[in-house]
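Subject: Structure for your review, with notes

Dear colleague,

Please find the structure below, followed by my notes on what was found in it.

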Amino acid sequence: MYLAIRRATDSDTDNVLKVTKESFSLYQEDLHVNYEVKALKETIESTLRDIRENAVFVVERFGMLVGAIRIKKLSDDLWYIYRFGVSPNITNTGLGSALLDAAIEFAHENGAKAIALHTNSKYYRLARYYYGKQFYVHSTSFDRGYVRALFVLELDENTDVDLSPAFDQ
């Protein structure tokens, strides 16, 4: 299988938005939720801004963009993952894990001591996935109309990282 993981460029904007909406539509469908899934309200402009201002990685399979992950620096020690998704046609193939690994490696190489992300705590399949990647649940909130879990991956042992910048993400 021909596979490439790379940083997104401006020319990837349409495809990053497409795969984001595909994957988050599946997320919304799987959970049968009635709250607003912010990723589904995303625009070309906000996607392009993320590509230019943060780190957006994409995975291509046979030359087609099939997954994307966004990660941004919140502090010297803390990075935040968001809008991580793969095309529903290629779930459970390891491509998402390869994409996540690339984002984590990038953050670690750029000084991250911890990485955080949010997801719906009732999405068992996704929570189990993050546990398998050594993330743990730091806390939960109900500020968006559902039980939202803050998952954290510590990259350096015995490091006390201020996680408060992730609370408002």
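Arg-70 lies in strand β3, where helices (H or I, at least four residues) and strands (E, at least two) are DSSP runs numbered from the N terminus. With a relative accessibility of 0%, Arg-70 counts as buried, the classes being buried under 20% relative accessible area, exposed over 50% and partly exposed in between (1.4 Å probe, protein chains only).

Before going further, please note that this is a predicted model, in which local features need pLDDT of at least 70 and side-chain atom pairs count only at pLDDT 80 or more, while totals for chains, interfaces and linings use all residues. Residues are numbered from 1 along each chain as its sequence is written, and side-chain values use heavy atoms, with hydrogens and water left out.

The side chain of Arg-70 makes polar contacts with two side chains, that of Glu-42 at 2.5 Å and that of Thr-20 at 3.3 Å. A polar contact here is a pair of N or O atoms within 3.5 Å; within protein, one must be able to donate a hydrogen and the other to accept it, and residues adjacent in sequence count only if both atoms are side-chain atoms. Leaving aside residues up to four places away in sequence, Arg-70 touches, among others, Val-16, Asp-50, Tyr-80 and Tyr-82, contact meaning heavy atoms within 4.5 Å.

β2 and β3 form a hairpin with two residues between them, and Phe-62 in the turn has a positive phi of about 55°. Six of the seven residues of β2 are buried.

The largest nonpolar core has 27 residues, and those with the most contacts inside it are Phe-57, Ile-69, Ile-71, Ile-81, Ile-115 and Phe-135. Such a core is a set of buried Ala, Val, Leu, Ile, Met, Phe, Trp, Tyr and Cys residues joined through side-chain atoms within 4.5 Å. Helix α3 supplies the largest share of this core, seven residues. A second, separate core of ten residues includes Tyr-80, Ala-114, Ala-116 and Leu-163.

As for the aromatic rings, the count comes to seven pairs, where rings of Phe, Tyr and Trp (its six-membered ring) pair if their centres lie within 6.5 Å, with planes under 30 degrees apart counted as stacked, over 60 as edge-to-face and the rest as tilted. Trp-79 and Phe-106 have ring centres 5.7 Å apart and planes at 85°, so this pair is edge-to-face; Trp-79 is in strand β4 and Phe-106 in helix α3, 27 residues apart. Tyr-80 and Tyr-82, with centres 6.4 Å apart and planes at 20°, are therefore stacked, and both tyrosines are buried. Lys-72 lies over the face of Tyr-82, at 5.1 Å from the ring centre, by the rule that NZ of Lys or CZ of Arg is within 6 Å of the ring centre and within 35 degrees of the ring normal.

Best regards

Methods
Pairing = 2+ DSSP bridges.
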